[in-house]
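Welcome! Here is a short tour of a structure that may be new to you. Please take a look at it before reading on.

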Amino acid sequence: MNIATHFSYVITIFLMVAGLFIMIARGNLLKKLVGLGIFQTSVYLLYIAPGKLIGGTAPILDASFRIYSNPLPHVLILTAIVVGVATLALGLALTVRIREAYGSIEEDEILAIDGEDYRDDRE
């Protein structure tokens, strides 16, 4: 078992861990969205890697071809890319609105402001 044969999976795991770490460890909302984008890219790679067979062709039936690549992962990834772009756009729109409302996109500052508002409402 050679690591070169599973290189795409090693890269996928690295990107998953990096994206998850960025989303958890960073307080800046834009950095969290970048981490989400990296994580989504790793999921795309996870689906695409086994979908392509070396020497495989498009699934067009012909007597000269024996090995075909599965088109289903590619179709699913096109859908996932559209959903990912929509998710990222919604996250950016929410970040803009949060910046307008709170004056910051740092999670700690936003929670501190919300904590002050919550204490004022209770008194």
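Pro73, Ile77, Gly84, Gly91 and Thr95 are the buried residues of H3, where buried means under 20% relative accessible area with a 1.4 Å probe, protein chains only. H2 is part of what covers them. This is a predicted model, in which local features need pLDDT of at least 70 and side-chain atom pairs pLDDT 80 or more, while totals for chains, interfaces and linings use all residues. Numbering starts from 1 along each chain as its sequence is written, and side-chain values use heavy atoms, leaving out hydrogens and water.

The chain has four helices and zero strands; helices are DSSP runs (H or I) of at least four residues, strands (E) of at least two, numbered from the N terminus. The end C-alpha atoms of helix H3 (residues 72–102) are 44 Å apart, which agrees with the 45 Å that its 31 residues should span at 1.5 Å a residue; the expected span is 1.5 Å times one less than the number of residues. Just after H3, Gly103 has a positive phi of about 80°.

Ser42 counts as buried because its relative accessibility is 0%. Leaving aside residues up to four places away in sequence, Ser42 touches Thr12, Leu15 and Met16, a contact being heavy atoms within 4.5 Å.

Some values for the whole chain:

| Property | Value |
|---|---|
| Box filled by C-alpha atoms, along the principal axes | roughly 80 × 30 × 20 Å |
| Buried share of the 123 residues | 18% |
| Share of contacts with a separation of 6 or more that join residues 24 or more positions apart | 49% |

Terms used:
Buried means under 20% relative accessible area, exposed over 50%, partly exposed in between (1.4 Å probe, protein chains only).
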